[in-house]
Amino acid sequence: MTIATPWEAETRAEVPLPEYPRPMLVRPEWLCLNGAWEYQLAGPSRRLDGVITVPFAVETAASGVQQACLPEDVLSYSRVVENPWPGRRVLLNFEAVDYRCRVLIDGVLAAEHTGGYLPFSVELLDAPRWQVDVEVTDPSDSGFQQHGKQALEPFGIWYTATSGIWGTVWLEPLPANAVTRVLCEPRRGLDGFDVTVSTELPGRVRVSVGLPDGGEAVVEGRAGVPLRVDLAEPRLWSADDPHLYPVTVTAGEDRVGSWAGLRTVEIGPIPGREGEVPGVLLNGQPVLLNTPLDQGYWPESGMTPPSDAALVHDLSTMKGLGFNGLRMHIKVASRRWYHHADTLGLLVVQDMVSGGKPRVGLKGSGLVQALDLTAEDRSQRAMKAAGRGDEANREEFRRELAEMVELLRVHPSIVCWVPFNEAWGQFDAAGAAEQVRALDPTRLIDHASGWYDQGVGDFRSRHRYVLKLKPPPRRDARPFYLSEFGGYNLAVPGHLWSETERFGYRHFDDEAGLAVGLTKLWRDQLIPLVSRGLRACVYTQVSDVEIETNGLMTYDRKVLKVDAALMRQLNAELYAAFAG
């Protein structure tokens, strides 16, 4: 079914992606710096320069450059920025720059940052204007840093690299003592929140939570200390009713807005079905996680969404097909993506970005899936095989894992963390699970999605492609998580990245054939697994990505390959089987 993409006109806007980039800590004043910057791409054998459109990666068509950044290249950005707030503190914010960068202000080194997926900031000295220069180097997949599915030479499930600035750049004025985070943690009794306000300096804060009836619940106390907010008539956050409480925090001269969802998630017995494999409980009620794989790529703009509407489109389309969430796959998405998941009521499984290297290739992975193999991941030999032989590399992973959890745990939509996927760069997965549990004991953990399970975490997690779906061994009492399956392939002429290359796990000639295939997959294989302990599943995938043509939508999102009513019916049957 051909559909209209709602963001096409927006991609031609003068300033791309002008929406406020940090929706869980909102201030009224800010200045978007997306748009035209001067750039230079220089290496031993070439030198390119001109104008680039930020925040699109240099490899993308949307950037206006569409050139690869090689490991030996230096990618430089330059722009003069007028100061809108003379005499005040001003912060220069970068949502994402891949991979290693230096920020110079008026020719003086102001900051260095390593890591391609997380935001960072630079405080600017008061001046009428600033000369901002950013210098970037990126080894992409020639290095062992966290790079996800990026590749200098894309093929199969590996996609075009993302280098340089690929997230919004923006200015924000700050008071002398700024609020840095508002964390609203639901209490287990679901009768209110414990709100912890972080500020740059010690001091007192005031927290106001807006109530559905128009009133407010107000508490005051010290920054850095959980403050109890009681709710007499709590309204819970769920997929059916994703209610968000508006939160306003005042700390001295600073005043910020935020949101909070009242919900709990845990593994526990399914009421009325004692003796069965436990399940995921959302607010104490059983729910089967049904979250298709979201790679978070677009043909014109790579990992950067072409617009805010593009994010909403993907999320709302998947919900319209009867899925209740998404798995954000080995990528940290725009913070607006998580906010839209919060507001639409979608359950998010969040992967850590993979680094190192795969321990098995595509052919080897088939054998691992068929025989349900595992392997240890703590010896020097195992770590070297995963590209993690260097302690500095392992420490960088741990640091970025912690930073990702701390950054995103404010979002109620996130219900599960995934430190490792298919043993890509996997080392000491049990230790990673312990690290994440200590940072955030309020969510679930799938410590080793796919294979090489270390016997910890909340799930027995397995991927299954091509081969018939099967239940896990009965000796494992953990809930069964079919954390990837499907990948059914339909290439739609006129909507392809490549006219000659295709990748998928089972190929169909037309939409009718795909419909029959999906119907059989759900009714004959997936739904029967519910009685064998299936408690979560991830169909591959939301959309085509480059030569992968196994999406529910085409890469340009103009064609929905599946009949929406049929997909909703199949998912309804899955939920009905789970409900008993």
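This is a predicted model: local features need pLDDT of at least 70, side-chain atom pairs count only at pLDDT 80 or more; totals for chains, interfaces and linings use all residues.
Local features need pLDDT of at least 70 and side-chain atom pairs count only at pLDDT 80 or more, while totals for chains, interfaces and linings use all residues. Residues are numbered from 1 along each chain as its sequence is written, and side-chain values use heavy atoms, with hydrogens and water left out.

Met352 sits in the loop between strand E28 (347-351) and helix H3 (362-371); helices (H or I, at least four residues) and strands (E, at least two) are DSSP runs, numbered from the N terminus. Beyond its neighbours within four places in sequence, Met352 is in contact (heavy atoms within 4.5 Å) with Gln146, Ile330, Phe397, Glu400, Leu401, Met404, Val418 and Pro419.

A disulfide is a pair of cysteine sulfur atoms within 2.5 Å, and the count comes to zero. The sulfur of Cys69 has its closest cysteine sulfur in Cys101, 12 Å away, too far for a bond.

The lining of the largest pocket draws at least two residues from each of strand E5 (89-94), strand E9 (120-124), strand E14 (169-174), strand E15 (179-186) and helix H5 (391-408). By class, this lining has 15 nonpolar (Ala, Val, Leu, Ile, Met, Phe, Trp, Tyr, Cys and Pro), 11 charged (Asp, Glu, Lys and Arg) and five polar residues (the others, Gly among them).
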